[in-house]
Amino acid sequence: MITGDAAFIKKLNRGLILSQIIEHNKISRADLSKVTGLNKATVSVQVADLLEENLLIEEQLEHNNLGRRPILLSLNRKAGYALGIDLDKNQIMFTLSDLLGFPTHIEIVQLQTKDYNEILEILIEYIIDIKKKCQGSAFGLIGVTIGIHGLVSKDEKILFFPQLQWRNKNIKEDLQNMVDVTVFIENNANLTAFAESVFKHNKSNNLISISMNSGIGLGMIMNGEIHRGFHGYAGEVGHMIVVPDGKLCACGNQGCWELYASESSFFNKLGRSNADYYDIHSWLKLGDPDVTNQMDELIKYIAIGLNNIINMYNPEIIVLNSELLRLNRDAVKQIESRLNSNISHYGRLLVSELGKQACVMGACAFSIIKFLQISELNLQVTMKRTL
Ligand SMILES: [Zn+2]
């Protein structure tokens with residue numbers, strides 16, 4: 001008979017073994033025993049169960065100098081698929097990934113409406129269609145995770161989605177009732193931070209990621225977990241006041257950081273209609289004085305907010321998720337030259353390489369970690385560039 005404790009330990013060991021197989025890509029039972037510290041018998045029993053469950057694949061190597069042909073284990077990446085969704089004010093980005101986070105399908109749907117029920121209908125239709133397409137695999141669609149650009153409570157309800165003006169929506173329940181798939185709801189900045197942790201900075205226990213698009217949001221990964229605060233609303237740094245009596249913000253205050261340091265504030269101030277990233281890139285290259293000045297202003301205000309955040313958290317890694325900063329090769333250097341207080345200390349500051357796909361990648365990884373019931377996930381970046 002398995003007692004409660006024994007079952008718990010078995011589950012922990014299973015998670016440890018799965019995490020190590022994923023991290024090493026291919027590994028033998030003997031090496032698995034070494035890296036997990038579990039004895040060979042335990043590894044053997046767990047691996048037999050996982051093979052039975054269809055979660056692992058074993059293959060025998062053809063050549064070996066010692067004449068032995070070791071059997072290597074890897075995750076059966078096609079056993080199931082995760083759907084990540086980034087629900088923004090004007091568009092929905094969908095990404096389907098295999099169990100190793102490799103995107104197999106990416107689609108962007110432009111939104112012509114802000115109406116909750118109409119958008120819910122679009123999501124239901126899409127999820128049902130994808131679920132059908134995944135039916136051939138062992139586990140099918142293993143989960144759907146949606147990134148929301150607004151306040152999401154710890155029990156996964158939307159408290160407020162400012163740009164769509166949604167309040168108190170239980171989108172998780174509304175979807176699950178219709179699609180019969182596990183759905184997770186999370187703040188977009190949290191999922192972006194989670195992607196940085198899973199795909200790029202796995203060894204960091206102290207990472208913050210700042211998403212600077214239409215607004216500014218911050219996600220924190222502390223000891224492998226998303227730090228959500230008491231209600232789930234931690235990280236609303238876009239509404240930190242950086243200019244007393246400054247511009248009026250939709251939140252009710254004045255002088256909020258996102259009115260001076262977000263990408264939309266940059267485009268608004270520049271005032272050139274329909275300008276996109278490619279335009280900015282070429283104008284910067286040509287040394288256009290207006291664009292260059294605007295970029296300097298943006299850098300100045302980013303540094304003011306960052307200084308506050310650094311003093312609050314003393315982070316190891318700070319990732320700035322911004323296409324505009326990615327266009328400006330010297331952005332990090334310019335920001336760092338303004339972070340020269342004797343008090344501010346941090347490990348590394350960098351611009352995200354995952355870019356606008358970070359949220360959906362984090363969303364897929366979030367479903368995978370829940371499905372596999374593991375606490376640690378280290379995946380390789382295998383993104384398809386669509387933007
Ligand atoms: Zn505000």
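**Entry 1: Lys200 and Glu353**

I looked up the contact between Lys200 and Glu353 and found that their side chains meet in a salt bridge, at 2.7 Å from N to O. I note here that the model is a predicted one. Lys200 belongs to helix α6, while Glu353 sits in the loop between β16 (348-351) and α13, so this pair ties together parts that are 153 residues apart in sequence. I then checked accessibility for both partners. Lys200 is partly exposed, at a relative accessible area of 33%, and Glu353 is exposed, at 52%.

**Entry 2: further salt bridges**

I recorded the total, which comes to 17 salt bridges. Side chains of opposite charge can pair when their charged atoms come close.

I turned next to Arg272 and Asp288, whose side chains form a salt bridge of 3.0 Å, N to O. Arg272 lies in the loop between α8 and α9, and Asp288 in the loop between α9 and α10 (289-313), so the pair ties together parts that are 16 residues apart in sequence. Arg272 is partly exposed, with 25% relative accessibility, whereas Asp288 is buried, with a relative accessible area of 17%. I also asked which residues are linked in a network of salt bridges with Arg272. The network consists of Arg272, Asp288 and Asp290.

I took Lys34 and Asp31 as another case. Their side chains meet in a salt bridge of 3.5 Å, N to O. Both residues are in helix α2 (residues 29-36), three residues apart, and are therefore separated by about one helical turn. Lys34 counts as exposed, at 65% relative accessibility; Asp31 counts as partly exposed, at 35%.

**Entry 3: domains**

I noted how the protein chain is divided: domain 1 covers 4-75, domain 2 covers 78-192 + 357-372, and domain 3 covers 201-355. Between domain 1 and domain 3 I read a distance of 42 Å, taken from their C-alpha centres.

I also looked up Lys300, which has its place in helix α10. Lys300 is partly exposed, with a relative accessible area of 26%. The C-alpha atoms of Lys300 and Ala7 are separated by 54 Å, and the two residues are 293 residues apart along the chain.

I recorded a volume of about 700 Å³ for the second largest pocket. I counted 33 residues in its lining, with Pro162, Gln163, Gly215, His239 and Glu258 nearest the centre. At least two residues of this lining come from each of α6, β13 (216-222), α7 (258-261) and α8. I asked which element gives the most to the lining of this pocket. The answer is α8, with four residues. By class, I found twelve nonpolar, 17 polar and four charged residues in the lining of the second largest pocket. Domain 2 (78-192 + 357-372) and domain 3 (201-355) each contribute at least three residues to this lining.

**Entry 4: cysteines**

I searched for disulfides and found zero in the structure. A disulfide is a covalent bond between the sulfur atoms of two cysteines. Cys134 is buried, with a relative accessible area of 3%, and Cys249 is buried, with a relative accessible area of 7%.

Notes. Residues numbered from 1 in each chain as written. Predicted model: local features only at pLDDT ≥ 70, side-chain atom pairs only at ≥ 80, totals over all residues. Heavy atoms only, no water. Disulfide = S-S within 2.5 Å. Buried < 20%, exposed > 50% of the residue type's maximum accessible area, 1.4 Å probe, protein only. Domains from an automatic or database assignment. 1 Å grid on protein atoms, 1.4 Å probe; cavity = no way out; pocket = protein on both sides within 12 Å on 5 of 7 lines; lining within 4 Å. Points joined across faces, edges and corners; volume = space filled by probe spheres on them. Nonpolar A, V, L, I, M, F, W, Y, C, P; charged D, E, K, R; others polar. Salt bridge = Lys/Arg side-chain N within 4 Å of Asp/Glu carboxyl O.
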